[in-house]
Every structure is written in structure tokens, then in C-alpha cells.
Amino acid sequence: MCGTVGLFMGCAAVSLCPKQALFARRDDSGGAVDGTGAVAGAEAAEAAPRARAGEAGPDAYASPFRTWYERATVRSADRRELGPSAADQGFFAPELVPLASHPLIADLRGERPDIHRDVLVRHLYRYLDFTAKLEHLVVNRTVLGIAHGTIGVRLPEAMRLDAFKIYCDEAYHALSSADLAAQVRRATDVRAELPEVPYFVTRLERYLEETPDDLTALTEILFVIVSETLITAQLSEMGNDRSIVPAVREAVRDHALDEGRHHAYFAVFLRHLWGQLTPATRRRAALRVPRLIRIFTDPDVPSVEREVVGYGFSRDDARRIVTELFPDAAVTAYAKTVSQQTVRHFASVGALDDEQVRAEFAAHGLL
């Protein structure tokens with residue numbers, strides 16, 4: 001299911017106004033508010049002395065970016081380019097594309113010998129589109145606030161400097177994804193046929209509409225923490241798959257290596273964030289995490305249904321195929337597997353000590 005899910009990209013105008021998060025305004029209580037609405041006021045200052053196992057002093061930070069200038073993809077990797085024989089090679093790991101193995105799709109090979117390749121190419125497009133929007137418009141929106149100190153979380157100077165490095169990494173991942181997608185279109189003549197507004201945007205927007213105003217910014221920050229501690233596990237396997245065209249495999253491996261550093265960073269960032277919330281806010285925030293994980297991991301069913309219809313199936317048949325591809329038990333098992341480390345990070349700061357929070361994680365199949 002890797003690449004069939006995604007993230008909220010902020011307000012509709014964020015791509016036109018990325019500088020928004022740089023400018024602080026004042027709320028009625030006198031706290032500093034960044035472009036997402038995060039408050040850095042008296043509550044954070046009063047809560048800091050009560051930090052739990054997640055406490056980290058200014059000298060405790062061991063940067064995962066010590067060799068960034070030498071090893072980061074944006075600093076050291078060549079542009080990943082498809083070779084002349086790319087059209088005859090694999091474009092995605094078939095085991096990560098359930099549609100590729102469905103019997104009714106396989107039955108089409110007689111009249112459409114390229115159907116298997118087309119399914120894998122379209123999934124690659126979905127993955128690349130997801131990556132570009134995740135990195136450029138979601139993660140970097142929060143990272144910008146971290147780097148410039150407008151997000152309402154006090155951090156060591158070294159962590160803020162490292163946030164600039166993450167920003168560079170994520171921007172390059174977005175560029176690499178867009179570049180690779182353009183190369184694949186030229187090499188295969190297969191069109192992406194992705195919705196202009198990805199389903200994951202709608203999915204999280206609906207959730208944020210249900211979110212109390214005072215938790216909206218924190219919910220978006222938590223979503224970035226979830227995404228940055230989940231994604232490494234999804235990327236690692238495919239980066240070593242020799243059946244995939246080298247440019248795609250190498251791009252995924254590049255991404256995985258960078259994301260390993262990001263994972264370590266956001267695990268530390270979570271400890272700083274959690275230590276600066278009041279106990280009441282920690283509990284309310286923890287109750288939101290399971291839904292955020294499932295928003296990230298659950299498959300983009302509408303997109304796959306539209307793709308199946310494009311292969312000549314009726315709407316009802318497409319719905320049946322997708323239901324068979326993504327049974328609830330399999331979707332839940334996948335979410336539990338890929339989120340294990342994320343859940344451990346939240347447990348390490350005491351988020352799961354509360355009985356109601358544990359029940360919420362269990363209800364979403366994560367324990």
C-alpha cells in the first residue's frame with residue numbers, strides 16, 4: 001500500500017504563500033502564533049518543568065546530521081535518470097501493488113499485454129505524487145516553523161539548524177519525484193490520471209474540521225511526526241529490490257537514507273514537544289494520534305477504483321475488486337506493522353500510560 005496514501009497540505013493557498021509560517025501574529029492571550037496557529041505562550045512555559053521521560057536538556061541533543069554535508073542526497077547523489085531500456089523493466093515492486101496481482105487484472109493480459117506494466121507505472125505515479133506533496137507542502141511547512149522558531153516549541157539551536165537541513169532534503173525529494181515522474185511519462189507514454197486534489201487532502205481536512213480550534217496546529221505537527229517516523233519502514237524494502245528499474249530503486253534508496261536521519265530527529269522533537277505541553281493537552285493530543293496514523297496508512301480507495309474503471313470494468317466491478325484488494329483485516333494489520341516504531345515513540349514519552357489513550361490505539365488496531 002506504500003504510496004496510496006498521503007497527507008494534508010495545509011491551507012489551499014499554501015503553495016502560493018510558503019512564507020506564511022515565517023510571520024508571527026499575536027492572539028488575544030498574548031501568545032506568539034505562527035502561520036499554522038501554534039501558540040507558544042504561558043502554557044508551554046509552565047508545563048516545561050513537568051516534562052516526563054521525554055525530557056531533553058539543551059546539551060542532550062546528538063545531531064543525526066553530523067555528516068549531512070557529505071552524505072545527504074541533495075549534496076552527494078547524482079540525478080537519477082532512466083536508461084534507454086527503462087520501458088522494459090519493472091517500475092514498482094509488484095508485492096507493494098495489490099492491484100497488479102488481482103485475478104481479473106491478470107485475465108486482461110491476453111488482450112492487453114502491457115496491463116501489468118501499466119498498473120505498476122500508475123502506482124509509481126501515485127507514489128511520486130504522494131511524495132512530492134508530502135515533502136514540499138506538508139513536512140516542509142512544519143519544518144519551516146521549526147527552523148525559524150515560529151512553531152511554539154523551544155528547541156536547542158542545533159535542532160533548529162538541523163531543521164534547515166531537513167528542509168533542503170525534503171525539497172530535493174519533491175524535485176526528484178517530479179523529475180522522475182516526467183521521465184517515466186516520456187519513457188512509457190502511460191498517463192498518471194491522478195486527481196488534482198489528492199484524496200488524502202480531503203481525508204485529513206475532514207478530520208481537522210472536527211478538531212477543536214486550540215488543537216488544530218498541534219494536530220498538524222503530530223501528523224508530521226507520524227509521517228516522518230512511519231515512512232522509513234515503507235521505503236527501506238523497495239530501495240534494495242533489484243527487479244525495479246535502477247533510477248526508481250536508487251531514488252527510493254536515496255530517500256530512505258535521508259529519512260532515516262529525519263526519523264531520528266523527529267523522535268527527539270517529539271520529546272521536546274511533549275515536555276512543553278500540559279498534562280491535559282498531552283492527553284487530548286495522544287487521543288488524536290491513532291486516527292492520524294490510520295489516515296496516513298489506509299489505502300486511497302477512490303483513486304484505485306477510478307484506475308480499475310479506466311481498464312474497462314464497470315463501477316460495481318471496480319468497487320468489488322477494490323474491496324477484495326483491501327479487506328479490513330489486511331488494512332489494519334498493515335497499519336499496525338508499519339506504525340510499531342511510531343507507537344513506541346509515543347509510548348516512550350508516556351502518551352500510552354492513560355487507559356483511554358491505550359483503548360483508542362487498540363480500537364484502531366495499533367496495539
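**A walk through the predicted chain**

Asp189 lies in the loop between helix H6 (157–188) and helix H7 (199–209). Helices here are DSSP runs of H or I with at least four residues, numbered from the N terminus. This is a predicted model, where local features need pLDDT of at least 70, side-chain atom pairs count only at pLDDT 80 or more, and totals for chains, interfaces and linings use all residues. Residues are numbered from 1 along each chain as its sequence is written, and side-chain values use heavy atoms, with hydrogens and water left out.

Stay with that loop. Phi of Asp189 is near 65°, a positive value in a residue other than glycine. Glu193 sits in the loop between H6 and H7 too. Its phi is near 55°, also positive. Most residues other than glycine have a negative phi. Glu193 counts as exposed at 57%.

Now move along to Val245. Val245 is in the loop between helix H8 (216–238) and H9. Val245 is buried, at 1%; buried means under 20%. Val245 touches Leu82, Ala86, Gln89, Gly90 and Phe91, not counting residues up to four places away in sequence. A contact means heavy atoms within 4.5 Å. Phe92 is 153 residues from Val245 along the chain, yet their C-alpha atoms are 8.1 Å apart.

Next comes helix H9 (residues 246–275), which holds His255. His255 is buried, at 5%.

How confident is the predictor? The chain averages a pLDDT (confidence in each residue, from 0 to 100) of 81. Over residues 1–56, pLDDT stays under 50.

Technical notes:
pLDDT is the predictor's confidence in each residue, from 0 to 100. Helices (H or I, at least four residues) and strands (E, at least two) are DSSP runs, numbered from the N terminus. Buried means under 20% relative accessible area, exposed over 50%, partly exposed in between (1.4 Å probe, protein chains only).
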